[in-house]
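Please look at the sequence and the model first.

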Amino acid sequence: MSDLETIRKEATQAVASAQDIDALEKVRVAYLGKTGVITSQMKSLGTLPPEERKTFGASVNVVKDEITALIENTKQALETAALSARLAHEKIDITLPVRPEQKGSIHPITQVMEELTAIFGALGFTSEEGPDIEDDFHNFTALNIPANHPARQMHDTFYIKDEKGEGGNGNVLRTHTSPVQIRVMERFVKEKQQSPLRFIAMGRTYRCDSDMTHSPMFHQIEGLVIEEGVTMANLKGCLTEFVRAFFGRDDIPLRFRPSFFPFTEPSAEVDIGCSWENGELKIGAGKSWLEIGGCGMINPNVLKNVGLDSTKLQGFAFGMGIERMAMLKYGIPDLRPMYESDIRWLNHYNFGALDIPSLVKGVAG
Ligand code: DAH
């Protein structure tokens, strides 16, 4: 048997016994690589007498082509086998039922915020936002609460410290949503907009206070109307309409109790009628009253602070706690679990994502 025949046979065996691509690659290098068996046969051509060179060269090429084709075919077969093995191994049964998953749902605070947006939207209010971190001017001074004014003590303010943990630049975590009044009025002036201006602003507010009914972070809704000729009567009408739409009842009495807020004059606290039956709170005409927020006619000083002409324009404002509204409407007794992410509480009080807010019935507009 010629050398070449031996090489061909051995190579064929070596290819046949290669179990995977790596082994096959080794065979390829051993025969066809730079120092491989076939390659050295080619190199030896130069040492042969010219008359042998041609026939031997042709024979080497035949064997070389044969081995090359064999390796190529085997490579494809191994790759196909590897892919099939992988597919068989990774096979997933798409008919298997999915693992049970918790469905997302709407937190009562979000639910109430959506209800507030819908009701006030129907009453002609747009929605505005402001930053959680406020400067002293917007949170206090512009709202007619100057430095050292006792009203600042009504707000247990979180002051933002500087990087060294000292002093700070006077920024605070907003203690109420009222600074959004200032921001929107500033824009109103800057953009020379025409009255009426009617908006609500909802969002997080912060006070250094924590117990059954207070959380250091809570939510408020602010409302503001600037419109020629609006009076306290419009304010009362607006809030009455709102309360009745929110609770879905036409017979809830409201009481406007004189009070003090630096940014409104006159100011009032808003109470709704309620009664207690066997320790259970019922909203509606009864012997008791529940406070739900504050309101009043915008103090002319506030209008002046943003550059509005207080001799020509007037308006009203109001503010309410959103947690409190949610607790009253949905009978939630304790405020704290609202932020504890306890799945049992959430399952009990949350709303399905497709629940349609029960409202807007009865809202004029
Ligand atoms: N900012 C007040 C607070 O947090 C609530 C409030 C009262 C807002 C009267 C108003 C208002 O706009 O007119 O206690």
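**Questions on the ligand site and its surroundings**

Q: Is Gln-220 buried or exposed in this predicted model?
A: The relative accessibility of Gln-220 is 12%. Buried means under 20% relative accessible area. Because 12% falls under that cut-off, Gln-220 counts as buried.

Q: In which element does Gln-220 have its place?
A: Gln-220 is one of the residues that come nearest to the ligand. Its side chain has a polar atom 2.9 Å from the backbone nitrogen of Thr-177. The place of Gln-220 is in strand 6.

Q: How far is a polar side-chain atom of Gln-220 from an oxygen atom of the ligand?
A: A polar contact is a pair of N or O atoms within 3.5 Å. The pair formed by a polar side-chain atom of Gln-220 and a ligand oxygen atom is separated by 3.0 Å.

Q: Which residue has a polar backbone atom 3.3 Å from an oxygen atom of the ligand?
A: For Ala-317, the distance from a polar backbone atom to an oxygen atom of the ligand is 3.2 Å. The distance of 3.3 Å belongs to a polar backbone atom of Phe-318.

Q: What percentage of the ligand's accessible area does the protein cover?
A: On its own, the ligand has 360 Å² of accessible area. Of this area, the protein covers 92%.

Q: How many residues of the shell around the ligand are polar by class?
A: The shell includes 5 nonpolar and 2 charged residues. The number of polar residues in the shell is 8.

Q: How far apart are the end C-alpha atoms of helix 7?
A: Helix 7 (178-190) is among the elements that supply at least two residues of the shell around the ligand. At 1.5 Å a residue, its 13 residues should span 18 Å. This expectation agrees with the model, in which the end C-alpha atoms of helix 7 are 19 Å apart.

Q: Is Glu-291 buried or partly exposed?
A: Glu-291 has its place in strand 10, and its relative accessibility is 35%. Buried means under 20% and exposed means over 50%. Because 35% lies in between, Glu-291 counts as partly exposed.

Q: How far apart are the C-alpha centres of domain 1 and domain 2?
A: The domain assignment of the protein chain gives domain 1 as 2-89 and domain 2 as 108-352. The C-alpha centres of domain 1 and domain 2 are separated by 84 Å.

Note on methods. Residues numbered from 1 in each chain as written. Predicted model: local features only at pLDDT ≥ 70, side-chain atom pairs only at ≥ 80, totals over all residues. Heavy atoms only, no water. Near = heavy atom within 4 Å. Polar contact = N/O pair within 3.5 Å; in protein donor to acceptor, adjacent residues only side chain to side chain. Areas by Shrake-Rupley, 256 points an atom, 1.4 Å probe, with all protein chains shown as cover. Helix = DSSP H or I, 4+ residues; strand = E, 2+ residues; numbered from the N terminus. Nonpolar A, V, L, I, M, F, W, Y, C, P; charged D, E, K, R; others polar. Expected span 1.5 Å × (residues − 1). Domains from an automatic or database assignment. Buried < 20%, exposed > 50% of the residue type's maximum accessible area, 1.4 Å probe, protein only.
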